[in-house]
Amino acid sequence: MGKKRNGLFLGVFILFLALALVASQGISQQKPIIAKGCSLPGCHTAKAGELWGNLKTVSGKAEMIQIDTGALWTVKFDENTKVKNWNQPLNKLPKEKEIAITYVEKNGELYATLINVKPPVAVDPSKVVKVAEMKRIYDEKSALIIDCRPAGRYNEGHIPGSINIWFAEFDKHIDKLPKDKNAPIVYYCQGPT
Amino acid sequence: MPEWKKQGYPVASTVKYLQELISKDIPHVLVDVRPKQEAEKEHIKGAVNIPLDELAKAKKLFPKQKNAPIIIYCTKDNLSQKAFDIVRKWGYINTSYLEGGIDAWKKAGGEVLSGQLKKEIVYVPKPKPGTIGIEEFKKITGKIPPNVIILDVRDPEETQMGMIKGAKNIPVNELKDRLNELPKDKEIIVHCATGMRAEMAYNILKEAGYNVKFLDASIQIKKGGKYKITEN
């Protein structure tokens, strides 16, 4: 019994490997498989058989999901597709949400084996400020408030009085921080991402 | 920021944002809440003047779309914030005020006009790229021109309940494999039941080089082909 199962697993593994090779030689050379935004330090690199990008559209009825990696990919899914970091229906995923899709190719179509939704960054709870507390800080002007988002987002709408330092260029703006190392600072961005 | 915004707490915009809206002709509502005399002396192009002490009574002047970008400016930010609170409480989620007000605008080299301001707020949202308007869709499906194909991307079971007369059905999950059934020299107008699968089909067809638009609305079609459309 054990030997038969091992043989089966080995066969499946070889099949997946072969499919991955086919995919990497064919599809991924024509279109980008990873979004440019993921090129920041610390981000992952996509392997063959994987797509990293932002959700464009998803239809539970059609069992299809479209991901924007800088180009459009259309991937099918079914009840066997695993979903990570998301326990609601897929069509509840917010647009532009960062996702990674692991897929296999069959008959020229892509089938998702895993849809991995980017989880919120884990932050030490003692360092988190709730929105009500944030309002008090804002009203009392008791801390420097820093918006870590790109300038375009800050320009469109920000907490009044906050300054803008995009986190990807943080090192270039150390001079904007207060001299006093004990001065309180609150950072915010686009929610738990 | 999303949570802060949802709570209706103060949101400020920069001069750069307003400059971009104006220069790119992006639909928005710009409200000058200073007294009339001050506003007529100098104001930002496209602004409508509703003095702060009249704002609370002016709700019916504002657009029906609650997601319209509304930018408020005054001379002092605390007054702008008072105006912001009034408008935001009406449910306009994309309200903000110009941080630094008209002085910040002028300081950044922004143009100011003098004379009478607009009295009416006209907000026409920019259509989503790739969409066809509801009225245009109705007109075309009333009598389908020879160079147009109406593509229904719902499931066959759904089309049993009714299909637009003259439309062609290819379910969206079969579309990639059946592209050869669609000619490249015709305009393709896609619809489904809610707009979601139609957008998906639009993305596929556009990438494949087709001339295509989609209906971003909900549609219910009866047996004889008559239908009812509701905005999403």
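Mentor: Before we start, accessible areas here come from the Shrake-Rupley method with a 1.4 Å probe, and for residues only the protein chains shown count as cover. This is a predicted model, where local features need pLDDT of at least 70, side-chain atom pairs count only at pLDDT 80 or more, and totals for chains, interfaces and linings use all residues. Residues are numbered from 1 along each chain as its sequence is written, chains are lettered from A and ligands numbered from 1 in the order in which they are written, and side-chain values use heavy atoms, leaving out hydrogens and water.

Trainee: Great. What's the accessible surface of chain A?

Mentor: About 12,200 Å², with 58% belonging to carbon and sulfur atoms.

Trainee: And how many helices and strands does chain A have?

Mentor: Three helices and nine strands. Those are DSSP runs numbered from the N terminus: helices are H or I with at least four residues, strands are E with at least two. From the N terminus, the order in chain A is α-β-β-β-β-β-β-α-β-α-β-β.

Trainee: Switching to chain B, what's its secondary structure?

Mentor: Chain B has nine helices and 11 strands.

Trainee: Why is chain B called more spread out than a compact globule?

Mentor: Its radius of gyration is 23 Å, well over the 17 Å that the globule rule gives for 232 residues, so chain B is more spread out than a compact globule. The radius is taken over C-alpha atoms, and the rule is 2.2 Å times the number of residues to the power 0.38.

Trainee: What does the C-alpha trace of chain B span?

Mentor: About 65 × 35 × 30 Å along its principal axes.
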